[in-house]
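Visitor: I am new to this structure, and I would like to learn how to read it feature by feature. Could you take me through it slowly?

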Amino acid sequence: MTGKRGITSPLRTAIAVVVLALAAGATPAAAGDDIAPDVPEARKGEHCVKPVPYMRRNHMDMLKHKRDKTMHKGQRKKKYSLKRCMDCHAVKGDDGDFVTAKSDKHFCNVCHDTAAVNPDCFSCHASTPGGELKVQSKEASR
Amino acid sequence: MTEAPHNDTPALADEARRRFLKRAGLTAGFSLFAGSALAAGLPKALDEATSSERRWGILVDAGKCPEGCTACVDACFEEMGIEGPRVGDNHSRPDQDSQWIRKVSLKNEDTGHALALPVMCQHCTYPPCVDVCPTGASFKRADGIVLVDRHVCIGCRYCIMACPYKARCFVHEAIHDQEPYMPRGKGTAEGCTMCVHRIDHGMKPACVVACHEEGAGAMTFGDTNDPESAIAGKLRDNTTSAIRADLGTEPGIRYMGI
């Protein structure tokens, strides 16, 4: 019993430290703080679709919920979509172009690298904003 | 139509809206017209779920489709981002690349009569790919569009073997620079989506648009459940058939003149 407790309590402390550090990382002012990730500011918009602490904890579930609704029911309202994330949170690189998920600077990677989470969204999904349809009808109405 | 057509809702929406206004005008004198978008043939709202009251389909007039014209195929490749340079590593052969739509040439050896027609996912009412899928990744939407949910696809390729139309493809290599509206990735099966991302926004599929604007106008797209749609009219007035109708898959893609 004591052995067990001996293993879990440092683990719990470590998790608490990481969670606190992530919370502290919300403001760029905290950037220098040892392990806190330097989360890039959103490019536009006053606030996120939900409060930041809620997003931090639940964004993955929101994306998954939206994913199934869109895929199976064709509900394409943009509010909680991955595309909408990219619209505001995409980061520009030194060359002025948006960086893709291959870059450490990509918004998603900044936290995920710190938390050692490896989402595979971007093996299929585009990780930059945009998305004008390639085939546009010349006549608007026919 | 006084209002300028919005970028998101051309073609279909306009056709339907005109009919809606006409019908609304006709019925206004008799009753309170409070029909849903569906009743009016309008595209569904963005957050509305698809329903089986619609059945999307394409009618191909093989007599109009000229040999050598590849407008539909080119448009599909462009729209969906199915091109060589997007493939990361280059270990596979070009003939392993995805083909969501292809032109198939037929010739009757006895009479010499030849024709070429586009063949893509036939969006079957009873799709064999859905029957064999072990994970439920291959599925049919309520409005008849057959899709692969790549989030649950394990890349077993049963659907590719089961499809009598050879309409499913497999992605062999890592892909980059996908179109944001059309995620594609290594290790999953894929096929024609009937441009579901366009249909949900009230637009016609890319192949149909290109067929009308650059090709011979051989393709008609629409809701076959709506008796007033152009496609339902053509299906009613002409002899049409499905490829391998003997299999009883009841495709949403039908052909005229084959």
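Visitor: In which sense do strands E2 and E3 of chain B pair?

Guide: Strand E2(B), residues 101-107, and strand E3(B), residues 114-120, pair in the antiparallel sense, over seven bridges, and Leu106(B) stands opposite Leu115(B) of E3(B). Six residues lie between the strands of this hairpin, and Gly112(B) in the hairpin has a positive phi near 80 degrees.

Visitor: How should I read a core, and which residues have the most contacts inside the largest nonpolar one?

Guide: A residue is buried if 20 or more other C-beta atoms lie within 10 Å of its own, exposed if 12 or fewer, and partly exposed in between, with C-beta atoms placed from the backbone. A nonpolar core is a set of buried Ala, Val, Leu, Ile, Met, Phe, Trp, Tyr and Cys residues joined through C-beta atoms within 7 Å. Here the largest nonpolar core has 56 residues, and those with the most contacts inside it include Val60(B), Cys72(B) and Met219(B). Helix H2(B) supplies the largest share of this core, seven residues. A second, separate core has five residues, among them Leu82(A) and Phe107(A).

Visitor: Where is Met194(B) found, and what is its phi?

Guide: Met194(B) is found in the loop between strand E7 (189-190) and helix H5 of chain B, and its phi is positive, near 55 degrees, in a residue other than glycine. Met194(B) is also buried, with 29 other C-beta atoms within 10 Å. Cys195(B), in the loop between E7 and H5 of chain B, likewise has a positive phi, of about 55 degrees, without being a glycine, and Cys195(B) is buried with 28 other C-beta atoms within 10 Å.

Visitor: How many helices and strands does chain A have?

Guide: Chain A has four helices and zero strands, and 16% of its 142 residues are buried. To read a kink, take the bend at a residue, which is the angle between axes fitted to the seven residues ending there and the seven starting there; in H2(A) there is a kink of about 70 degrees, centred on Asn58(A).

Visitor: How many residues does each chain bring to the contact between them?

Guide: Two residues are in contact if their C-beta atoms, placed from the backbone, lie within 7 Å, and the contact takes 23 residues from chain A and 33 residues from chain B. On the side of chain A that touches chain B, helix H2(A), residues 52-73, gives the most, with four residues.

Visitor: What is the mean pLDDT of chain B?

Guide: pLDDT is the predictor's confidence in each residue, from 0 to 100; the mean for chain B is 85, and 81% of its residues reach 70 or more. Over residues 1-9 of chain B, however, the pLDDT is below 50. Where pLDDT is low, the predicted coordinates should not be read in detail.

Notes: Residues are numbered from 1 along each chain as its sequence is written. Chains are lettered from A and ligands numbered from 1 in the order in which they are written. This is a predicted model: local features need pLDDT of at least 70, side-chain atom pairs count only at pLDDT 80 or more; totals for chains, interfaces and linings use all residues. Two strands pair if DSSP finds at least two bridges between them. Helices (H or I, at least four residues) and strands (E, at least two) are DSSP runs, numbered from the N terminus.
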